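Here's a quick tour of one model, with the sequence and the 3D view side by side. Have a look around first, then read on.

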Amino acid sequence: MSVLTRDEAQTRAQLIDVQRYTIDLDLTRGADTFDSTTVIGFTTRTAGDTFVEVRPAALRSVTLDGQPLDPAALDGNRLPLTGLTPGTHELRVDAAMAYSHTGEGMHRFTDPTDGETYAYTQLFMEDVQRVFAAFDQPDLKAVFDLTVTAPDGWSVLANGVTEHAGNGKWRAATTPLLSTYLVAVAAGPWHSIRTEHAGLPFGIHCRRSLAPHLDADAEEILDITRACYDRYHEKFEEPYPFDSYDQAFVPEFNAGAMENPGLVTFRDEFVHRSAVTDTERQTRAMVIAHEMAHMWFGDLVTLQWWDDIWLNESFAEYMGYQTLTEATRFTDTWVDFGVARKAWGYDADQRPSTHPVAPDADAVPDTASALLNFDGISYAKGASALRQLVAWLGEKDFLAGINTHFRRHKFANATLADFIASLAHHTDRDVHAWADTWLRTTGVDTLTATVTEHPGQSALTLTRDGNRPHRVTVGVYDRDLIDGATLVRRELRNIDIPAGPAIPAGPAGSATPADGEHSLPGPRPALVVPNDQDLTYAKIRLDPHSEETALRGLSRVPDPLTRAVLWNCLRDMVRDGELPPLTYLEAARAHLPAEHELANVQGVLAFARTQVADRYTTPTERPDALALLTDLCADLIRRTEDGSNPGLRLTAVRTLIDSAAHADTIRDWYDNGSVPGGPELDPELRWRILGRLCVLGAVDDAVIDAELTQDPSATGQEGAARCRAALPDPDAKRAAWDAMFTTDELSNYLFTATAQGFWQPEQSDLLRPYVARYYPDAVAVAHRRGPAIAEAAGRWAFPSYAIDTHTLTLGETCLKDDDPIPALRRKIADQLDDLARALKIRTATTAY
């Protein structure tokens, strides 16, 4: 398959305009393929040649202006259109298309619970070609007329309102101008809940087996949807631009969600069938808010080429968190962003694969390279940059610029230059310079605080390693005069750090300040927190006195967002080899029992369990790390016996299960069906316990089979695959490996579940032979099965617990000699960098 280059897209856009697609899909042709007939109306400005993209199972016929073209002319995914004359043309393509089981194109899924089948599209980047023929680039927008023939008992959802015309045929309302990648279809025997808001039909949909769980949360989901819709209409002058708003929770979805206009698709794990924490409900709400923001950022105004993907994702990310905070009960969403989501951006930005938020067009020469930029930089760093822009520019001017941008480019395409011009129209500030320093550069600045004492006062200096301007809020804290332990905020001080060359910190008291010296009248503060309200994107380092205060008294800091900033500081110090991993765990043990913000607890425990215990501690230290975590979780469970904080209790139970080094306690829970004092074991907890028991060798296949009989759902199938792969048995490992890398029969979700179970630190001797096998086998399966499986193979199937120079050497040789496809190459390169960091941390640990 040929990927589209930017130069090719520009050439085609200069030659043609596309007016209309008329698409007819027939989903009644069997389990393997569906029929796709596409009529494209387009005009040619001058005489010339071009091509249309299509990836059929069988190309039956093609006509151009009524004249047949040879289907054998199809070259990979490109059908040449030669000798075009100026004027109007009609291209007709009739094909059989293959269903996907990897979440790409038209994904087909049969629910093991009830045998019902569903099909839905995910057409992002290049996958529209798997469903219908298209001039597949974002700046060739057109209107779409869609009909779908579906089996009896199915309903069909699409970008516009659909109606059943009889004989299984469904027609969707004609769309406004859309990019090809935003077309959407979801067909099946959906369970649907429909309502109306602001004169528009709203709907939420899921597969029938999840109906009771969607019903239980329907009002919450719809309330969030309505609140965000209303708040966006207060912010944006352009009204919602489509005729309906449906949200479909679909099976085996690769992303969190996709912003198809009028039909947002979500992974159906967001229909909670087991207990979840309020922070997890907040995450679902944030995704709802994020995708709705895309109706304006991305759908109404679309990027011209994929170098500007941040114009979609960074804005939706920022608007999702901010609007959720303003419009719903989830008023502390920025805490979760700070302690969890933002770390995704920091980590990505410190790898060799980092890139600017808004890279130069030359850095995104084709669609394969563009796909790699859907990462923590385009989402979390970009959103952080926008939050800093709002702090620097002011929300009034920021929103005025956005509304000008919508007005100038609605139903069209735009670039970074267009957006900056819209902002500049409403401010005297140099937004072009801001964009150059924030959006065109890579890396994370570090802000270091130095506090010196003088008679009657102290002085604060901030040094910057980096060159971006920052508007930060510095928090100054004293100890409470009564109890001597609680920290009381003396002041929040706004400080502007201008752009300039890197000014690294020197020894205490000798650093060159980035912004001058700031007087702090009164006694020396107990704690000084740069970036206290987390308004900028930068790592921070505390002065030694503040660092000691944080380690001893972090739970005494009054604001949960400030605590998130401090936890991130400690996290970064561990990752940079400046704080022993066990010291981080000891801080968690000391302070999480008093933490009232669940997002902070979940973020800290996730890092402690998956990174500190599994990767950063040496094999000899790991038992102590797991013991410390289980002690901490047992303490949290004891403290929540009165039922006062079920979310905290559930989080502690989950982490204790994952950290258990001995089977006795969790096996008792499993056999009894509950944790003493609650909760009862729902399917998620049962599979979680069973997975850990498999790792520990405490159960066998018979127990897995019995659990699967009790829970034969799709989630149960994934749980069983994860458990079987986790068994410390040579035959089980061999079967799991063959399933992932030889048979090609696993769906995207079953592949991921199998990979998640396979590599376990406790089983290093058993797994050692597979480390060398990973690289050639992953390269081969990625070439055969494409980017979605490549992503899963690189993320989940990588031997991340084989932390040694041998694994590094094998990986470097693979990148040099084995030609992995771009999606896998990027994941392996990132994994190797993380592995090298883990090795350095372990080396630093021995030197403390």
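Which helix or strand gives the most to the lining of the second largest pocket? That's α23, with 4 residues.

## Ground rules

This is a predicted model, so to speak: local features need pLDDT of at least 70, side-chain atom pairs count only at pLDDT 80 or more, and totals for chains, interfaces and linings use all residues. Residues are numbered from 1 along each chain as its sequence is written, and side-chain values use heavy atoms, with hydrogens and water left out.

Helices (H or I, at least four residues) and strands (E, at least two) are DSSP runs, numbered from the N terminus.

## The pocket

Back to that second largest pocket: its volume is about 490 Å³. A pocket here is an open set of points on a 1 Å grid over the protein atoms alone, where a 1.4 Å probe fits, with protein on both sides within 12 Å along at least five of seven lines; lining residues have an atom within 4 Å of a point. Points are joined across faces, edges and corners, and the volume is the space filled by probe spheres set on them.

The lining takes in 23 residues, and Pro619, Pro761, Ser764, Tyr801 and Ala802 lie nearest the centre. Two or more residues come from each of α14 (598-616), α15 (622-639), α23 and α25 (805-817).

## One side of α10

In helix α10 (residues 431-439), Val431, Trp434, Ala435, Trp438 and Leu439 are buried (under 20% relative accessible area, with a 1.4 Å probe and protein chains only). They share a side of α10 because they cover an arc of only 100° around the axis, taken from the directions from the helix axis to the C-beta atoms.

These buried residues pack against α4 (310-327), α7 (377-393), α9 (416-424) and β24 (470-479), where contact means heavy atoms within 4.5 Å.

## Rings and charges

The structure holds 52 aromatic pairs (ring centres of Phe, Tyr or Trp, its six-membered ring, within 6.5 Å; planes under 30 degrees apart are stacked, over 60 edge-to-face, the rest tilted). Phe236 sits in the loop between α2 (211-235) and β17 (245-250), and Phe406 in helix α8 (residues 395-409), 170 residues apart. Phe236 and Phe406 are both buried.

Arg387 lies over the face of Trp334, at 4.1 Å from the ring centre. Likewise, the charged end of Arg686 sits over the ring of Tyr670, 4.4 Å from its centre. The cut-offs: NZ of Lys or CZ of Arg within 6 Å of the ring centre and within 35 degrees of the ring normal.

Note on methods: Buried means under 20% relative accessible area, exposed over 50%, partly exposed in between (1.4 Å probe, protein chains only).
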